[in-house]
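I opened a new notebook page for this structure. I wanted to look up its main features one by one and write down what I found.

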Amino acid sequence: MRRTSRNFRIRGTAGPHGPAGPSRRAVRAAAALAAGVLAVSLTACGGDGDGDGGDDKGKASGDTGTTVTLPKLDGQTLEVAAVWTGAEQKNFKQVLAEFEKRTGAKVTFVPAQDPIINFLGSKIAGGAPPDVAMLPQPGAIKQAVEKNWAKPLGPDATKELTKNYSQGWQDIGKVDGKQYGVYYKAANKSLIWYNAQVFENAGASEPKTWDELLNTAQMVYDSGVTPFSVGGADGWTLTDWFENIYLSQAGPEKYDQLAKHEIKWTDPSVKEALTTLAAVWGKKDYLAGGPNGALQTEFPASVTQTFTGGDQPKAGMVYEGDFVQVNIGETKAEVGTDAKVFPFPAVGDTPPVVSGGDAAVILEDSEAAQALVTFLASPDAAAVQAKLGGYLSPNKNVPQSAYPNEVQQKMAKALIDAGDDFRFDMSDQAPQAFGGTPGKGEWKALQDFLKNPSDVAGTQAKLEADAAAAYGN
C-alpha cells in the first residue's frame, strides 16, 4: 500500500495565478471535515447503507447501475500500472473486472515500484509502457507530460470528468490547461486511529488539541502501553506527520509558500513545526520499538501492531489516513468498536485537513485506454471499490450509501462537501526527487530526524539543500 493518498487541506479555488487564499467556506469546510470524520467515536459500523445522501441509484450494495456508456472492446487488451499492493490492489482489480465485463476488453494490473515515474521510465525505455498509470502526485503528472509520455483525455473522458468532479479536482489533473488526469482515488490523511480498549483502560478520551494529544499519550504510557506506532520505514508517513503540524501551526498561506519553495526550509515556521514534532518523536518510550524500531516498521505493520495483542498491543495509536481501515481489516479488530478514530488535533488555531489522491493518466492512447479512463471517471467504477472499504472517491455523484458503513459515509460526505476548497499534500506537490523518492530528499531527511529529533537546525539545512536542488531555485 502507498500513501495515495495524503492530506486534505482547504484552499480557495485555484485561478490562473495560483491558489486563492482561504475563504470562509474553506474554514467551514475544514471544520465540517474535522467534525464529520469524526470526533464522534465512530460507533456505527453497520452496512445498511441508509446514510443521508443516497438516491435510488445508490443501493446498499454500492451498485450505481450503469451511468456511463462504454464501447465494445472485444479482443482488445490493456495494462494498468499502480503502486498499490495487498487489499488495495485486490479491490482495484474488482473495478477492472467490472470494466472487462462491460466492454469485453482484457485488463492486466501491473504492480509498480516507488517512485512510479522511474518505474515508468524503465518500461517506456524498454518499449513496453502500460496503457494507463495511476499517478499519486500532481508533480508526477507534470513530469509525465514534460517527458511526452502522457496523452490528453479525449472528449468522452473529459465529459465524464466535468459531470462528476468539482472544478478543483479537475484542475489538479491539468497541465498547461490540458486535462491529463482523472483523480480516481482520494484520501483524508488528517486522522489518528486508536485502540479503544487501550484508551478505556487508560481513562483517556479523544484529544482535540496538540497539548491534549500529549496528555493522552502520557496517560496511555502510564497505563503500560506505548503511545504511538510509526511506520518510519516508509518516509511518506513522516512527511504526513510534518504537514499536518505545519499546516495547523503555520497556516495555509505559509503552507502554500513552502509547497512551492517560495520560502526556504530554514524558515522559522519550519523550525517551530519540527520542534513541535520532536515532542512526540523525541520521547523514545512513546514510539513502538523506539526510533530504531519505528524506522524498521513499514506502514501496514504500523497499523496491524496497534490492533493486535488484545489490550496490550505494541502501541495505542497510529497516525494515517482513511485507508488505514484496509489494514485494520487484516486484524480481528472492528472499525467503530475496537478501532476508533479522531481528527488530527489542532496544533494552531484550527485542526489540519490535508488530502491527496491517485490520478489515472493515459500513456498509450487508444479507444480502449480512453474508455477505461472514462469508466474510472464515472460513479460506476468508484461505487465498486467504495463498497469494499478503505477507499474514498472525489467523484461527487457517488452516493454515500455506496460506502459500507457510517464511518466511510461521513468521510466521503465531508470530502465532497469541501468542493473546491481543498489543498493537496505538500510533498506530493514537490518534484519527485525531493518529495517522493525513498532514501532521498524529504523522506530521508525526516527519517534522519526521527532518529535524532534534537537536530532541528541540521534537518532544516538538509531539507533546504535538497529542496533547492530539486526545485532549481
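**Entry 1: the whole chain**

I started with burial and found that 59% of the 473 residues of the chain count as buried. I kept in mind throughout that this is a predicted model. Next I looked up the secondary structure, and the chain has 21 helices and 13 strands. Residues 24 or more positions apart account for 79% of them.

**Entry 2: salt bridges**

How many salt bridges does a search of the whole structure find? I noted eleven. Side chains of opposite charge can pair when their charged atoms come close. I picked out a few pairs.

I looked at Lys185 and Glu88, whose closest N and O atoms are 3.1 Å apart. Lys185 sits in strand β8, residues 181-188, and Glu88 in helix α2, residues 86-103. The two are 97 residues apart, so I logged the pair as a link between distant parts of the chain. Both Lys185 and Glu88 are buried.

I then checked Arg102 and Asp380, a salt bridge with its closest N and O atoms 2.6 Å apart. Here the link runs from helix α2, which holds Arg102, to helix α16 (residues 379-386), which holds Asp380. The separation is 278 residues.

Asp171 is partly exposed at 22%. Lys174 counts as partly exposed at 32%. I also noted a network: salt bridges with shared partners join Glu98, Arg102 and Asp380.

**Entry 3: helix α16**

I found α16 mostly covered, with eight of its eight residues buried. They are Pro379, Asp380, Ala381, Ala382, Ala383, Val384, Gln385 and Ala386. What covers the buried residues of α16? I listed α2, α5, β8 and α15 (367-376) among the covering elements.

**Entry 4: two helix pairs**

I looked up α11 (residues 268-281) against α21 (residues 456-471). They pack at an angle of about 125°, and their axes are 10 Å apart. That angle makes α11 oblique to α21. The crossing is right-handed. On the α11 side I wrote down Val270, Lys271, Leu274 and Thr275. On the α21 side the contact residues are Val456, Thr459 and Gln460. I sorted the residues of this contact into three nonpolar, three polar and one charged.

I moved on to α9 (residues 235-250) and α10 (residues 252-259). Their axes come within 7 Å and cross at roughly 130°. I recorded α9 as oblique to α10. Phe242, Glu243, Tyr246, Leu247 and Ala250 of α9 meet Pro252, Lys254, Tyr255 and Leu258 of α10. This contact divides into seven nonpolar, no polar and two charged residues.

**Entry 5: the loop between α4 and α5**

Where is Trp149 placed? I found Trp149 in the loop between α4 (138-146) and α5 (155-164). Trp149 counts as buried at 14% relative accessibility. Leaving out residues up to four places away in sequence, I listed what Trp149 touches: Ile117, Leu120, Gly121, Ile124, Ala144, Ile362 and Leu363. I checked Leu363 further. Trp149 and Leu363 are 214 residues apart in sequence, yet 5.6 Å apart in space from C-alpha to C-alpha.

Asn148 is found in the loop between α4 and α5 as well. Its phi is near 60°, a positive value in a residue other than glycine. Asn148 counts as exposed, at 63% relative accessibility.

**Entry 6: backbone details**

I looked up His261 next. Phi of His261 is near 60°, again positive in a residue other than glycine. His261 lies in the loop between α10 and α11. I noted His261 as buried, at 6% relative accessibility.

Last, I checked a peptide bond. The one from Asp114 to Pro115 is cis, with omega near -10°. Pro115 lies in the loop between β4 (106-111) and α3 (116-125).

Conventions:
Residues numbered from 1 in each chain as written. Predicted model: local features only at pLDDT ≥ 70, side-chain atom pairs only at ≥ 80, totals over all residues. Heavy atoms only, no water. Axes fitted to C-alpha atoms, helices over the stretch in contact; angles between N-to-C directions. Helix = DSSP H or I, 4+ residues; strand = E, 2+ residues; numbered from the N terminus. Parallel < 35°, antiparallel > 145°, perpendicular 65-115°, else oblique. Left-handed = near helix turned anticlockwise from the far one by under 90°. Contact = heavy atoms within 4.5 Å. Nonpolar A, V, L, I, M, F, W, Y, C, P; charged D, E, K, R; others polar. Salt bridge = Lys/Arg side-chain N within 4 Å of Asp/Glu carboxyl O. Buried < 20%, exposed > 50% of the residue type's maximum accessible area, 1.4 Å probe, protein only.
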